[in-house]
Number of protein chains: 2
Amino acid sequence: MHSDKNLPRRDFLSAGVSAACVAAVARVGYCSGVPAKEETKKLGVALVGLGSLSTNQIAPALQKTAHCRLAAIVTGTPEKEKKWADKYAIDSGSIYNYENFDKIASDDNVDIVYIVLPNSMHHEYTIRAAKAGKHVFCEKPMANTAQECREMIAACEAASKQLALGYRCQFTSHHLNLQSAVREKMIGELKMIEAGFGFRIGDPNQWRLKKALAGGGALMDVGIYALQACRFLTGEEPISIMAQETKTDATKFAEVDESITWMMKFPSGVDAYCSTSYNFNGLNKVVAYGSNGLAKMDPAYSYSDLQLEINGKKIELKQQDHFASELDDFATCIRENRPSKVSGYEGLKDLLAIEAIYKSIENRTSVDVQTA
Amino acid sequence: MHSDKNLPRRDFLSAGVSAACVAAVARVGYCSGVPAKEETKKLGVALVGLGSLSTNQIAPALQKTAHCRLAAIVTGTPEKEKKWADKYAIDSGSIYNYENFDKIASDDNVDIVYIVLPNSMHHEYTIRAAKAGKHVFCEKPMANTAQECREMIAACEAASKQLALGYRCQFTSHHLNLQSAVREKMIGELKMIEAGFGFRIGDPNQWRLKKALAGGGALMDVGIYALQACRFLTGEEPISIMAQETKTDATKFAEVDESITWMMKFPSGVDAYCSTSYNFNGLNKVVAYGSNGLAKMDPAYSYSDLQLEINGKKIELKQQDHFASELDDFATCIRENRPSKVSGYEGLKDLLAIEAIYKSIENRTSVDVQTA
């Protein structure tokens with residue numbers, strides 16, 4: 001689709017900023033430019049909620065981090081306690097359940113509480129963790145509502161503790177290089193973004209399909225990645241949003257959204273059109289169209305095997321553990337006492353856009369997005 | 001993105017309907033199932049408007065058709081008359097200009113008038129051609145408004161003449177096989193469609209950028225392909241539409257739309273999200289997401305080099321001359337006295353959707369699409 005004249009004259013991987021970033025990713029797994037200090041004690045992480053994400057992704061990732069270690073677990077399932085303690089050598093004094101969670105305040109083993117609970121519980125446990133004097137790392141979506149996000153931010157600020165979100169894609173070399181390519185105008189002026197993420201959800205009884213626990217459906221869970229990608233690439237907040245929802249299985253998706261498409265206007269004139277679904281596979285991409293080229297990722301949001309292509313050229317980058325990268329970045333932010341780029345405000349801004357999407361679906365009109 | 005388990009058990013190209021279609025396309029260039037009858041006289045086509053589309057695509061295509069021949073030209077540029085007459089052996093009595101066009105009524109050399117004029121002139125010349133007793137083949141978009149489309153249909157019906165539109169993609173083996181794959185549920189139940197077509201337009205003084213001549217911008221000219229693709233794949237008419245427009249170059253695009261994204265709801269629950277632009281290249285695709293797979297074309301709307309992929313497998317199909325295929329189909333419809341599948345009603349339905357898109361942009365609300 002592109003002739004050679006659309007290709008940038010210099011080789012992408014040899015370009016200034018990008019090359020530095022690629023090198024940084026190869027070295028420490030993320031692009032903050034802060035290498036591991038071997039002499040510094042690793043920060044202790046308490047994992048709250050030992051479901052499949054914690055089991056299959058986060059706990060293994062913690063073994064790969066330079067700056068973090070799995071120091072404590074919080075679970076409501078007693079049989080998981082010994083299994084996890086044995087597997088990860090967790091101190092018996094650092095095993096909690098949801099009743100005695102607040103005792104974590106006196107656990108010097110724990111610096112960071114990582115919340116991997118159903119969405120509706122993020123608000124409560126972020127605030128409890130902040131009150132216990134711990135930094136908080138919270139899975140996405142940040143909460144069920146923007147108001148809850150504000151309260152979570154306030155609680156962490158009141159406790160002088162850091163709060164950051166599990167927006168792992170902001171730490172992948174693929175997304176960072178895509179962002180650089182757009183910012184450095186390797187595709188000319190950015191004109192339009194198309195982004196979508198979805199999958200066919202299985203077990204009809206899982207919490208993700210209960211509105212009270214999940215807050216919403218596909219949009220809250222995976223559509224948020226497409227929304228994030230648009231905000232990440234533009235560096236802007238959407239001004240207005242139009243959205244529509246469709247439901248083809250009213251039983252399985254009785255409480256939450258099955259499929260949503262939406263459009264966003266950004267201040268610079270970029271338009272984005274996006275989609276999400278819980279009812280089919282294969283939707284996993286972001287495409288940035290510029291006045292002089294295009295850049296795309298497909299898959300864009302998987303845990304591994306990300307693919308980046310810029311102006312028709314596949315960019316070869318090392319695959320990395322996204323969770324290890326985001327956790328090491330958070331630990332570095334804590335040590336250096338600077339806010340994370342995926343701070344609570346980032347989560348709040350996504351929820352403001354998500355609320356505008358749901359409102360647009362309800363009202364069948366364009367909805368202006370509230371400012372954070 | 002797809003595991004082997006998502007692949008259909010039988011090989012696509014060996015499947016019943018599709019294989020027949022592939023074979024038909026290889027034989028006669030389209031899929032109507034009607035082979036050329038060598039004994040029948042070819043239908044004479046008068047080409048109205050000798051711009052780049054006629055020069056570079058349609059006139060060469062007419063040399064490849066089984067059932068048509070270039071019999072007459074209509075041009076407002078005298079120096080083109082001899083050039084075309086010599087090149088294509090056109091009878092001196094079958095050369096017209098816009099003043100004496102109506103004399104074509106007594107030209108037995110001409111069966112079909114093919115209108116390749118700026119959009120705003122389609123209405124007038126379709127009606128004049130019908131009154132001259134000729135069948136009419138008209139480039140897309142059919143007209144500037146749905147009301148004009150209705151008048152064009154009425155004129156042709158009153159004259160008992162056929163009217164069809166230049167929706168060439170409906171005759172390509174790639175689109176036909178994509179449609180078959182969707183209808184035969186090779187991707188499971190169709191859930192969502194993403195479609196977009198755009199290009200970076202050149203000469204700022206061309207008629208396509210003048211509202212009075214073009215009726216609109218990118219949407220009218222190329223966005224209509226994405227709209228068509230959604231209607232063609234679902235076999236349904238959109239119920240409601242939401243759309244937004246962006247303009248980053250208010251000088252070049254002072255009169256017409258530069259970029260538009262829009263969403264459509266279809267009766268079966270399929271959602272489509274689409275885009276078009278006159279300000280960047282590379283947007284040229286349709287993706288059909290099903291409950292059990294996906295099918296896509298990229299490029300989808302170019303004159304050649306179409307690419308079709310179904311459930312991760314590239315489908316190898318012969319590239320064909322789209323214009324030759326659509327013209328041979330029209331000739332066959334005329335001979336068999338049956339309406340074309342790209343009849344005037346098809347053009348009207350697109351204009352009804354286009355009018356809903358423009359209205360949604362203006363009102364910033366969802367707009368219900370009028371029925372034809």
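A:Asp305 sits in the loop of chain A that runs between β12 (293-297) and β13 (308-310). Strands here are DSSP runs of E with at least two residues, helices are runs of H or I with at least four residues, and both are numbered from the N terminus. The phi angle of A:Asp305 is near 60 degrees, which is positive although the residue is not a glycine. Most residues other than glycine have a negative phi. A:Asp305 is exposed, because 9 other C-beta atoms lie within 10 Å.

In chain B, B:Asp305 lies in the loop between β12 (293-297) and β13 (308-310). B:Asp305 also has a positive phi, of about 60 degrees, and counts as exposed with 9 C-beta neighbours inside 10 Å.

## Basis of the model

This is a predicted model, in which local features need pLDDT of at least 70, side-chain atom pairs count only at pLDDT 80 or more, and totals for chains, interfaces and linings use all residues. Residues are numbered from 1 along each chain as its sequence is written, while chains are lettered from A and ligands numbered from 1 in the order in which they are written.

## Chain A overall

Chain A contains 10 helices and 15 strands. Of its 372 residues, 58% are buried. Among contacts in chain A with a separation of 6 or more, 70% are between residues 24 or more positions apart. Two residues are in contact if their C-beta atoms, placed from the backbone, lie within 7 Å.

## Cis peptide bonds

Most peptide bonds are trans. The bond from A:Lys140 to A:Pro141 is cis, with omega near -10 degrees. A:Pro141 is located in the loop between β5 (135-138) and α5 (146-158) of chain A.

In chain B, a cis peptide bond joins B:Lys140 and B:Pro141, with omega about -10 degrees. B:Pro141 belongs to the loop between β5 (135-138) and α5 (146-158) of chain B.

## Relation of the two chains

Chain B is superposed on chain A by a rotation of 180 degrees with 0.0 Å of shift along the axis, at an RMSD of 0.0 Å. This is the relation of a two-fold axis. The superposition is by least squares on the C-alpha atoms of residues with pLDDT of at least 70 in both copies.

In chain B, the C-alpha nearest the axis belongs to B:Thr365, at 2.0 Å from it. Both copies use the same surface, as 97% of the contact residues of chain B recur in chain A.

Methods: Buried ≥ 20, exposed ≤ 12 C-beta atoms within 10 Å, placed from the backbone.
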